[in-house]
Amino acid sequence: MAGAAFERLRAIMGEPAYTPAQVPWELAPAELGVQLPSDYRAFIDLYGAVNLNGEWGLTAPVRTRPDGTPDGFADWRTWSDGELRELVHGEDEFWDQDHTPVFPDPGGLLSWAVNSNHAHCCWLTTGPDPDRWPVAVFDCGGLDGALDVHEGGFAQFVTTVLTDGYALQDELLVTPTPGGWQPPRPPWTPGHDWDGTNWGARYGVEGWTAERWSDRTAALTMPWRRN
């Protein structure tokens, strides 16, 4: 069960005005190699992929991709074992430290979010129960090659960030500087679902940053969230 932490996060996000295609999570153990935490599954079933503050993208599996990469959960495993591993080990070598395990290595990092500065939020896939996996932040400003590990899981960590409880919140959310160039932005925008539907595009908002939104005034009213 997703539990109280997910319900707190749901109260912060609000209810979506759209219904994303449901993910066949039963395929994950065979295609990805593990089942994913229940709070993350409940979040994706309700919202699909989302972008927080126009900068922090929470990923979701998708049935097919147009670029020829493996479909479904297999794409996630391939990406983790390739691009994420290269990124993590490159950072390890820069800081002259031992290689950090990356999924599918036992206990390795499995990324579920990345921001526009390439800081990744991951699970440490330690142990057989995914609901007990801690969250580890990698390559966020100020960490100098270290992992910032948080017990409590996906929903609790996202809630902590969104309620000003995380020390590196400004780095992770890429918070605009007062008086800076960034225009106002909504707290979150929708992304794709399992079938590949881009809900953000349907509401005229897509892309990483606010200056790419087709209608900023409409975006600030968040029509994709029920009042």
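## Salt bridges and cores in a predicted model

Q: In this predicted model, how far apart are the closest N and O atoms of the salt bridge between D81 and R85?
A: D81 and R85 both belong to helix α4, where they sit 4 residues apart, which corresponds to about one turn of the helix. Their side chains form a salt bridge, and the separation of the closest N and O atoms is 2.8 Å.

Q: Is R85 buried or exposed?
A: A residue is called buried when its relative accessible area is under 20%. The relative accessibility of R85 is 16%, so R85 counts as buried.

Q: With which residue in the loop between α4 and β3 (109-115) does R85 pair?
A: R85 lies in helix α4, and its partner lies 20 residues away in the chain, so that the pair links distant parts of the chain. The side chains meet in a salt bridge with an N to O distance of 2.8 Å, and the partner of R85 is D105.

Q: Which residues are linked in a network of salt bridges?
A: R85 forms a salt bridge with D81, and the side chain of R85 also meets that of D105 in a salt bridge. The network of salt bridges therefore links D81, R85 and D105.

Q: How many residues apart in sequence are the parts that the pair of R63 and D195 ties together?
A: R63 and D195 form a salt bridge in which the closest N and O atoms are 2.6 Å apart. Because R63 lies in the loop between β2 (56-58) and α4 (72-94), while D195 lies in the loop between β7 (188-190) and α7 (199-202), the parts that this pair ties together are apart in sequence by 132 residues.

Q: What does R63 count as at 42% relative accessibility?
A: Buried means under 20% relative accessible area and exposed means over 50%, with partly exposed in between. Since R63 has a relative accessibility of 42%, R63 counts as partly exposed.

Q: How many residues does the largest nonpolar core have?
A: Among the residues with the most contacts inside this core are L36, F43 and W56. Leaving aside neighbours within four places in sequence, L36 is in contact with residues including W25, F73, L110 and W133. A second, separate core includes V102, L109, C122 and F138 and has 8 residues, whereas the number of residues in the largest nonpolar core is 51.

Key
Residues numbered from 1 in each chain as written. Predicted model: local features only at pLDDT ≥ 70, side-chain atom pairs only at ≥ 80, totals over all residues. Heavy atoms only, no water. Core = buried A, V, L, I, M, F, W, Y, C linked by side-chain atoms within 4.5 Å. Buried < 20%, exposed > 50% of the residue type's maximum accessible area, 1.4 Å probe, protein only. Contact = heavy atoms within 4.5 Å. Salt bridge = Lys/Arg side-chain N within 4 Å of Asp/Glu carboxyl O. Helix = DSSP H or I, 4+ residues; strand = E, 2+ residues; numbered from the N terminus.
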